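Me: I've got a model open and I'd like to talk it through, one question at a time. Can you walk me through what the coordinates say?

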Amino acid sequence: LMHFYHNFQLQNSNSDLQEIRKLWNKWDPIGVLPDKNDCLDEYDSYLEATLLLLNEDASINEIEDYLLFVTQNFMGFDNDRTKRCKPFEFALELQAWFADRKLKKN
């Protein structure tokens, strides 16, 4: 399932991907980005899958599971480091952004 998410290419508006990129860069689990730099592409390989989950109305737990999968399997974090970057809180933030975006589009 996660292999599918990681390789899935979805047609999204560029603005959606830019917004998701800003959120990922703000979260910055690896800790590589300088303050307020939302144009770097460090996390771009996760943007499409993140938006796909949101588009499919994934539950907060499903979004968190994806973030856990990414941080542990692609970034190599152990459990402690994963907990410290607070994936559940980031999942909430993603869901809130998506809900707000849907309201603005209607």
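Predicted model: local features only at pLDDT ≥ 70, side-chain atom pairs only at ≥ 80, totals over all residues.

Me: Is Asp16 buried or exposed?
Reply: Buried means under 20% relative accessible area. Asp16 has 6% relative accessibility, so Asp16 counts as buried.

Me: Which residues is Asp16 in contact with, leaving aside its neighbours within four places in sequence?
Reply: Once the neighbours within four places are set aside, the contacts of Asp16 are Leu51, Trp97, Arg101 and Lys105.

Me: Let's zoom out. What order do the elements of the protein chain run in, from the N terminus on?
Reply: The protein chain has six helices and zero strands. Reading from the N terminus, that gives α-α-α-α-α-α.

Me: What share of the contacts in the protein chain with a separation of 6 or more comes from residues 24 or more positions apart?
Reply: The protein chain has 106 residues, and 42% of them count as buried. Among contacts with a separation of 6 or more, the part from residues 24 or more positions apart is 68%.

Me: How do H2 and H3 sit relative to each other: roughly parallel or roughly perpendicular?
Reply: Two packed helices are described by the angle between their axes and the distance between the axes. Here the axes of H2 and H3 come within 10 Å, crossing at roughly 105 degrees. Angles of 65 to 115 degrees count as roughly perpendicular. So H2 relative to H3 is roughly perpendicular.

Me: What classes of residue make up the contact of H2 with H3?
Reply: On the H2 side you have Asp16, Leu17, Ile20, Arg21 and Trp24, and they meet Leu47, Glu48, Thr50, Leu51 and Leu54 in H3. Sorted by class, the contact of H2 with H3 comes to six nonpolar, one polar and three charged residues.

Me: How many of the residues of H3 are buried?
Reply: The buried residues in H3 are Leu47, Glu48, Ala49, Thr50, Leu51, Leu52, Leu53 and Leu54. H3 is mostly covered, and the count of buried residues is eight of its nine.

Me: Which residue just after H3 takes a positive phi?
Reply: Most residues other than glycine have a negative phi. In the loop between H3 and H4 there's a residue other than glycine with a phi near 55 degrees. Just after H3, the residue with that positive phi is Asp57.

Me: Is Asp57 buried or exposed?
Reply: The cut-off for exposed is over 50% relative accessible area. Asp57 has 55%, so Asp57 is exposed.

Me: And what about Asp28, buried or exposed?
Reply: Asp28 lies in the loop between H2 and H3. Asp28 isn't a glycine, yet has a positive phi of about 45 degrees. With 13% relative accessibility, Asp28 counts as buried.

Me: On to H6. What does H6 reach from its first C-alpha to its last?
Reply: Helix H6 covers residues 87-105, which is 19 residues. At 1.5 Å a residue, 27 Å is expected, and H6 comes close to that with a reach of 27 Å.

Me: Where do the buried residues of H6 lie around the axis?
Reply: The buried residues of H6 are Pro87, Phe90, Ala91, Leu94, Trp97, Phe98 and Arg101. Around the axis they cover an arc of only 125 degrees, so they lie on the same side of H6.

Me: What covers the buried residues of H6?
Reply: Those buried residues include Trp97 and Phe98. Their cover includes helix H2 (14-27), helix H3 (47-55), helix H4 (60-74) and helix H5 (79-84).

Me: Which residues does Glu93 touch, not counting residues up to four places away in sequence?
Reply: Glu93 is part of helix H6. At 27% relative accessibility, Glu93 is partly exposed. With residues up to four places away left out, Glu93 touches Leu23 and Lys26.

Me: How many Å separate the C-alpha atoms of Glu89 and Ile60?
Reply: Glu89 is in helix H6 too, partly exposed with a relative accessible area of 42%. Glu89 and Ile60 are 29 residues apart along the chain, and their C-alpha atoms are separated by 9.5 Å.

Me: And how many Å apart in space are Glu93 and Ile60, C-alpha to C-alpha?
Reply: In sequence, Glu93 and Ile60 are 33 residues apart. C-alpha to C-alpha, the separation in space is 9.9 Å.

Technical notes: Residues numbered from 1 in each chain as written. Heavy atoms only, no water. Helix = DSSP H or I, 4+ residues; strand = E, 2+ residues; numbered from the N terminus. Expected span 1.5 Å × (residues − 1). Buried < 20%, exposed > 50% of the residue type's maximum accessible area, 1.4 Å probe, protein only. Arc of directions from axis to C-beta. Contact = heavy atoms within 4.5 Å. Axes fitted to C-alpha atoms, helices over the stretch in contact; angles between N-to-C directions. Parallel < 35°, antiparallel > 145°, perpendicular 65-115°, else oblique. Nonpolar A, V, L, I, M, F, W, Y, C, P; charged D, E, K, R; others polar.
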